[in-house]
Amino acid sequence: MSVNLMNMHIPYEHLTRAQKLFLYVETRQPILDEKAIFSDGTSFYRMPQEPTSKDTIKIRIRTAKNNVEQVWLCSEETKISMTVEYSDELFDYYCAQMPPITKLVKYYFEIHAGNLKCYYNKRGVTREPDAYYHFMMVPNFKTPDWAKGAVMYQIFVDRFNNGDPSNDVVDNEYLYVGKLAKKVNNWMKYPNPDGIREFYGGDLQGVIDKLDYLKELGVDVVYMNPIFVSPSNHKYDTQDYDSVDPHFGTIVLDGGKVLDENKPDNNKATKYITRTTEPANIEASNALFIKLVEKAHGLGIKVILDGVFNHCGSFNKWMDREKFYAHARNYEAGAYTSNASPYVTFFHFHNRQSWPDNPHYDGWWGYDTLPKLNFEGSPKLYRYVLEVAKKWVSPPYNADGWRLDVAADLGYTKEFNHQFWRDFRNAVKGANPEALILAEHYGDPSDWIKNGDQWDTVMNYDAFMEPITWFLTGMEKHSDEFRGDLLGNHRAFFDAMTHNMSRFQEQSLQVAMNELSNHDHSRFLTRTNHKVGRTHTHGPESASEGINLGIMKEAIVIQMTWPGAPTIYYGDEAGLCGWTDPDNRRAYPWGRENKELLNLHKCLISMRKACSAIKTGSIKFLYGEHMVISYGRFDEQDKIVVVCNNGSEEKVVRIPVWEIGIRNMDICQQTLETTKDDFYTNEVNYSVIKGHIEVQLLPHSAKIIKRKKMESQ
């Protein structure tokens, strides 16, 4: 902002106090520098960031130097006058102490400049208070420090790496959803459109064998899709919550027969029954998981499991619709087969007169292959699942947390759902206080995280994947729709991010899983072709036609510099394409990786780890126009500017870096540039002139620019 003072255009931040007073008297209006006002929930602006019920809390807000007369810290119960704690060349830092809190507190700021009164909340400067966007804090809510800003890596186990061919599913091993299971012998084969029963052979030994690769990439956390016994390759229809699937683990005792293709009958699937129910196989497979965690921990890598507790599978030993466990040793009758089963209350049966073989039970979304678990009607089930939750994050397994599938769907009422997750949190955190609880959730997550008593965070669809996808590609995340009005729409991007990020506590946002792709949505690289389609309508080959590596690299830059935990879906770093499920679950292309994308990931992860501002600092949107966005990440140590040109023409933009505390005397240094054809790490210096830097951008490019530290800093 600049003002005309006696025909001289002077940046507002450079005006003296006398000049500001003269200007005020002349215009009879206060001039409030709204761009200078800033606060958030990071550790600089709230200390401690995660207060206990015993902590006095220091709250800060920043304004332009000598720009306002009074700032108040406001909540529902108090209004505290703030005082200037200190000033620098650009800003005054107002501070106030808030007494210890015992419940959720929402707060905002009231700012006085002359006769002007305004307010500041998560949305920014407003003319009226708006409780929806107030800052939030709750006592005793802490998310694991190791997860804040961590780099995560999602593995769909069957498609990552085959480390033990002896445990592979074999042709005709069993019948699943009306068809026989099949082994895929060509690792690079495209998944079939109806590919839930085809297996590539990836397993836990394959993950163990590639831990060094993940370490070299810079991964801090591995999240694996479900690994427990299940007949599908995705394993979201759990068969046994206590047991790692021997097809992913170790088969000690093998034998039995596969099915006759002409007369398939799961009662005769003795090979599958032996493999998945024999205690020796279960024990060996669980032991292999222990080995995986131990080796991962030795490399400084955490391991998160996928918990599917809303529903199980019809193969589950509690239901036993396929009667596998009826033919196995030492298992009690399943609820499908007998009303005398100890598991009858685990499911909601509508017809109590239909045993034996009672098909009248609730299925998730009506699917009888996915029986919904009846927690309300079974205290025994409730206790059992809480024990499962504790078991896997405790010795000897020592997993580092849970990703919770369709977590908001669990139970039959919202009230019960919240109570279950409160108890789940108490159970998991009691067993392992450093475990992460991360839920799959679409929409506003605040009901589950605002009080700090349920989830730690969520898979970040609304405040990351969707806005990024719309801005950079104009595509819906399944590639089911193209929106030209959202492609390159910087206002829609900033507004969506501001709105959706406001629903998080800061400590939840810092551990949120920020993905470009995952097992449920099309690969981001495919979305760069702007094509609406699926594998059964367009064929798998078309998923890689017309892709734009420049857009993909922009996305990676944003992902690696955004607040939260950037999560790489296996193979994204290698250039995998794919329509939505099941084409997004192609096998990792070992030996055929896109080396440029792989090296870019390594470079950006290394930069991220070296910069506290990127991991846990503040974010401020700096500049936007059609197809261009720029934002800053900053803390007391580092100040970073990110700028992306998503258009097909060159751009020159002037970025107000003063808004993140970069001064005229500072030198800004470009540390990375991506283009459609390559990426570069050669250093380029920018002079700061009147609080701005001027940046030239090639088509479909991104730059990271950092304040260069002087020896005195």
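1. **Before you start.** Residue numbers run from 1 along each chain as its sequence is written, and side-chain values use heavy atoms, with hydrogens and water left out. Because the model is predicted, local features need pLDDT of at least 70 and side-chain atom pairs count only at pLDDT 80 or more, while totals for chains, interfaces and linings use all residues.

2. **The sheet.** Look for an open sheet of eight strands, paired in parallel, in the order S23-S22-S21-S20-S17-S12-S25-S24. Strand S23 (457–458) and strand S24 (513–515) are at the edges with a single partner strand each, so one side of each has no neighbour in the sheet. Strands are DSSP runs of E, at least two residues long, and helices are runs of H or I, at least four, both numbered from the N terminus. Two strands pair if DSSP finds at least two bridges between them.

3. Strand S12 (residues 152–155) runs parallel to strand S17 (residues 221–224), and four bridges join them.

4. **Cavities.** Rolling a probe the size of a water molecule over the atoms shows where empty space is left. Here a cavity is a set of points, on a 1 Å grid over the protein atoms alone, where a 1.4 Å probe fits but cannot get out; lining residues have an atom within 4 Å of a point. Points are joined across faces, edges and corners, and a volume is the space filled by probe spheres set on them. The whole structure has three cavities of 30 Å³ or more.

5. **The largest cavity.** Its volume is about 60 Å³. Helix H9 (residues 461–473) gives the largest share of the lining, three residues. The lining, which includes His441, Tyr461 and Arg503, divides into six nonpolar, four polar and two charged residues. In this count Ala, Val, Leu, Ile, Met, Phe, Trp, Tyr, Cys and Pro are nonpolar, Asp, Glu, Lys and Arg are charged, and the others, Gly among them, are polar.

6. **The second largest cavity.** This one has a volume of about 50 Å³. Among its lining residues are Asp158, Phe199 and His247, and the lining divides into three nonpolar, four polar and two charged residues.

7. **Val71.** Is Val71 buried or exposed? Val71, in strand S5 (residues 70–75), is buried, with a relative accessible area of 0%. Buried means under 20% relative accessible area, exposed over 50%, and partly exposed in between (1.4 Å probe, protein chains only). Leaving aside neighbours within four places in sequence, Val71 has contacts that include Ile61, Tyr94 and Phe109, where contact means heavy atoms within 4.5 Å.

Definitions and conventions: 1 Å grid on protein atoms, 1.4 Å probe; cavity = no way out; pocket = protein on both sides within 12 Å on 5 of 7 lines; lining within 4 Å.
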